[in-house]
Amino acid sequence: MHITAEKIKEAAEALESTELKSFMFQEPTAGPLTRRRRSSRSTGRSRRSTRGTRRSTRRSTRGTRRSTRGTRRSTRRSTRRSTRGTRRSTRGTRRSTRRSTRGTRRSTRRSTRGTRRSTRRSRRSTRRSRRSRRSTRRSRRSTRRSTRRSRRSTRRSRRSTRRSTRRSRRSTRRSTRRSRRSTRRSRRSTRRSRRSTRRS
């Protein structure tokens, strides 16, 4: 129990309101050595005054105790409430941080998965494009080769036809020449025979 200036003032005011102050500040009177019994009236009054003062002091002490208890309880309640609030706030912040960390982890996982999938798709597309390019190159090469071969074959066929035409032309020329020669010879022979007949 803490003694404060307000409590001292309250106790002094309670004492002033009773008859203790007048009783305390009375001048002492030298009485007889033998103790006399006081009258029942004075003793009753003094007892009543002492009882009143005791009751007032008890009431003041009880009030002060109640006030101190109330203040203690209020302070304890306020401290408990503040501690509970701080605990709840810390729990909420921890939960929010955990949720945020979980969300960030999930988002990072999703982003990494998405990037992996996109990279895989891009790799697959690049591979497919490379394969298609290779196939197109191969087809182009094959077409080029086929065209070259066809050109060669056509050239060869043209050469062969040219050769054959040349040969045929030569043969015809030779045959015509031979026929012409034979006709000429026959003509000469007929002429000679005619001449001989005429001479004879």
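Begin by selecting the whole protein chain, which is a predicted model, and colour it by pLDDT: the average is 80, and 83% of the residues score at least 70. Switching to a cartoon view, you will find 3 helices and 0 strands, so that the order of elements from the N terminus reads α-α-α.

Next, select residues 40-199, which form helix α3, the element with the highest mean pLDDT (84), and then residues 20-24, which form helix α2, where the mean pLDDT is the lowest among the elements, at 62.

Now display the surface of the protein chain, which exposes about 21,000 Å², with carbon and sulfur atoms supplying 43% of that area. How many of the 200 residues count as buried? The share is 4%.

Finally, select Glu6, Glu10, Glu13 and Glu16, which together make up a patch of negative charge on the surface. Centre the view on Glu6, which lies in helix α1 (residues 5-17); Glu6 counts as exposed because its relative accessible area is 61%, and exposed means over 50%.

How values were computed. Residues numbered from 1 in each chain as written. Predicted model: local features only at pLDDT ≥ 70, side-chain atom pairs only at ≥ 80, totals over all residues. Heavy atoms only, no water. Patch = residues over 30% accessible without salt bridge, like charges linked within 9 Å, V, L, I, M, F, W, Y side chains within 5 Å. Areas by Shrake-Rupley, 256 points an atom, 1.4 Å probe, with all protein chains shown as cover. Salt bridge = Lys/Arg side-chain N within 4 Å of Asp/Glu carboxyl O. Lys, Arg positive; Asp, Glu negative; His and termini not counted. Charge placed at Lys NZ, Arg CZ, Asp CG, Glu CD. Helix = DSSP H or I, 4+ residues; strand = E, 2+ residues; numbered from the N terminus. Buried < 20%, exposed > 50% of the residue type's maximum accessible area, 1.4 Å probe, protein only. pLDDT = per-residue confidence, 0-100.
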